[in-house]
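Reader: Hi! Could you walk me through this one?

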Amino acid sequence: MLKLETQKFVEEELSNISMPEMKGKEGRFQYTITDVKITELNLTHADLRFIPEVGLLFDVQNSSISLSFNRQILYWFFYDTGNINASAEGVNINTALNMIRDDEGRLKINNITCDAKIAKMRAKFSGTLGRVYDFVATFLTTGMRFLLNQQICPALNHAALVHVNSMLETIPVRTEVDQFIGIDYSLIDDPVVTSRSLDMHFRGMFFDLSHQNDTLVNYAVDPVIREYDRMVYLALSEFFFDSGMFSYHTAGIFQMDIVNEKMPKDLEMLLRTTYFGAIMMLNPALVDAPFSLHLAVNSPPKTSIKTSGATVVMTAIVKVMVLPPGQPPVQLSSMTMVNTYTLFKIFSNQSALESLALIPLQAPLKTMLQMSVVPLINNWTKRGVQIPLADGMDFIEEVVEYHNGFIVIGANLHFSKGLREMISGSTKPEPETDII
């Protein structure tokens with residue numbers, strides 16, 4: 001698909017080549033050639049591949065170009081005009097694109113090397129004197145072949161360094177996810193080209209919009225991609241997810257109050273039973289006051305990715321409060337809930353003795369954590385983030401694989417627009433539709 005779109009784009013760029021007017025004199029012949037147009041390109045023998053330490057190579061071999069142009073020829077006292085159809089055969093174009101990371105961390109075409117050659121060119125004359133001056137075709141086509149050779153590479157240079165780069169500039173490297181956090185997609189270093197792939201190392205880090213310079217140290221393992229069945233592979237390490245959790249936690253999102261109708265009746269009854277003695281000692285008048293729970297994730301949740309799937313480890317501080325009518329809340333207890341892969345436990349922040357008293361609350365509070373804090377986290381993360389693709393390019397046929405420390409998403413590229421249309425619309429970027 002990418003090869004086909006590249007081929008179509010090159011054909012469109014070459015079809016726009018403008019040739020200068022040609023004038024000359026050969027013996028008794030005087031000629032003027034105008035209105036040169038490329039009518040057809042047949043770049044069927046095209047190849048798109050990676051060249052290590054060079055870049056992306058687009059190679060065209062033994063192809064052809066059809067042209068037409070108008071002639072004005074004076075031979076002795078005879079003046080003749082008409083149209084000439086010509087064909088360039090044995091067209092070979094070798095173009096290599098070198099890609100780098102620019103100052104803003106975007107992918108950019110740094111330079112292009114191009115070599116274009118046309119083996120031969122033929123012209124067929126029509127008109128009254130067609131047979132008489134067929135021999136003039138030799139020097140006309142020689143000049144035409146020279147000019148066409150000179151036009152191909154500048155056209156492709158301009159297409160890559162101006163048009164394609166302008167499209168790449170519309171792909172975001174830092175963008176807002178919601179009103180609280182953003183994401184940094186910038187490249188950390190220049191792309192690495194191997195014989196089979198173009199490897200790009202993105203930062204892949206979320207950040208709190210109110211503290212954009214805060215960073216999280218990356219201790220995650222570096223993803224390793226060994227698959228080649230799909231056109232694109234996106235590897236997401238534990239750092240990617242941890243930085244999102246860290247940013248949301250820094251923004252103060254992971255906290256909530258459970259009170260009134262949100263409080264399950266059986267849990268409220270259990271809380272009254274557990275804290276009845278404390279209330280009576282504190283103030284018997286509070287015995288009928290409603291209860292509330294304030295839950296706050298007290299440290300950024302941590303992600304663990306294994307071949308069996310992904311889990312999130314988190315701890316939360318739970319404050320048990322009574323709400324006297326018309327008075328400030330009264331705190332009865334503060335406890336820490338720890339949720340790991342295979343363990344859920346509660347312990348008091350005030351005394352070991354109270355930790356024993358909290359044992360009956362362990363099961364209902366675990367359920368409450370799963371029904372409150374986990375959905376709270378999911379609510380902010382389930383929306384996903386936009387994949388930085390140009391408008392008109394989408395992922396299809398996705399596959400997801402879990403590895404120890406990272407996730408790999410493989411996909412093929414689908415072009416809902418041609419490269420020419422994508423570039424034409426690059427000054428009016430639209431939101432990407434793919435999310436992860």
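**The disulfide and beyond**

Author: The link of Cys114 and Cys153 is left-handed, with -80° about the S-S bond. Bear in mind that this is a predicted model.

Reader: Thanks. Where in the chain do Cys114 and Cys153 sit?
Author: Cys114 is in strand β6 (residues 107–124) and Cys153 is in helix α2 (residues 136–168). The two are 39 residues apart, so the pair links distant parts of the chain. Their sulfurs are 2.1 Å from each other.

Reader: How many disulfides are there in total?
Author: The count comes to one disulfide.

Reader: And is Cys153 buried or exposed?
Author: Cys153 is buried, because its relative accessible area is 12% and the cut-off for buried is under 20%. Cys114 has 23%, so Cys114 counts as partly exposed.

Reader: Let's switch to the core. Which residues touch the most other members of the largest nonpolar core?
Author: That core has 35 residues, and the ones touching the most other members are Leu14, Ile33, Ile65, Ile93, Met144, Leu148 and Ile152. Two or more residues come from each of α1 (2–15), β2 (29–42), β4 (55–75), β5 (78–101), β6 and α2. Helix α2 gives the most, with eight residues.

Reader: What does Ile93 touch?
Author: Setting aside residues up to four places away in sequence, Ile93 touches Leu14, Phe58, Asp59, Val60, Asp115, Ala116, Ile152 and Leu156. There is also a second, separate core of 16 residues, which includes Ile258, Tyr275, Leu295 and Leu332.

Reader: Nice. Now the sheet with β7, what is its strand order?
Author: The order is β7-β8-β11, an open sheet of three strands with antiparallel pairing. The edge strands, β7 (174–176) and β11 (205–208), each pair on one side only. Neighbouring strands are turned by 25° against each other on average, direction ignored.

Reader: How many bridges join β7 to β8?
Author: Three bridges join β7 to β8 (residues 181–184).

Reader: Which helix lies across β8 and β11?
Author: Helix α3 (residues 238–250) does, running at about 5° to β11. Phe246 is found in α3. Leaving aside neighbours within four places in sequence, Phe246 is in contact with Thr215, Leu216 and Pro300.

Reader: What about Ser237, buried or exposed?
Author: Ser237 is buried, with a relative accessible area of 10%, and belongs to strand β12 (residues 232–237). Beyond neighbours within four places in sequence, its contacts are Ala220, Val221, Pro223, Ile305, Gly405 and Phe406.

Reader: Last topic, the hairpin. How many residues lie between β15 and β16?
Author: There are two residues between them. β15 (residues 302–306) and β16 (residues 309–322) pair in the antiparallel sense over five bridges. Lys306 stands opposite Gly309 in β16.

Key:
Residues numbered from 1 in each chain as written. Predicted model: local features only at pLDDT ≥ 70, side-chain atom pairs only at ≥ 80, totals over all residues. Heavy atoms only, no water. Pairing = 2+ DSSP bridges. Helix = DSSP H or I, 4+ residues; strand = E, 2+ residues; numbered from the N terminus. Axes fitted to C-alpha atoms, helices over the stretch in contact; angles between N-to-C directions. Contact = heavy atoms within 4.5 Å. Disulfide = S-S within 2.5 Å. Buried < 20%, exposed > 50% of the residue type's maximum accessible area, 1.4 Å probe, protein only. Core = buried A, V, L, I, M, F, W, Y, C linked by side-chain atoms within 4.5 Å.
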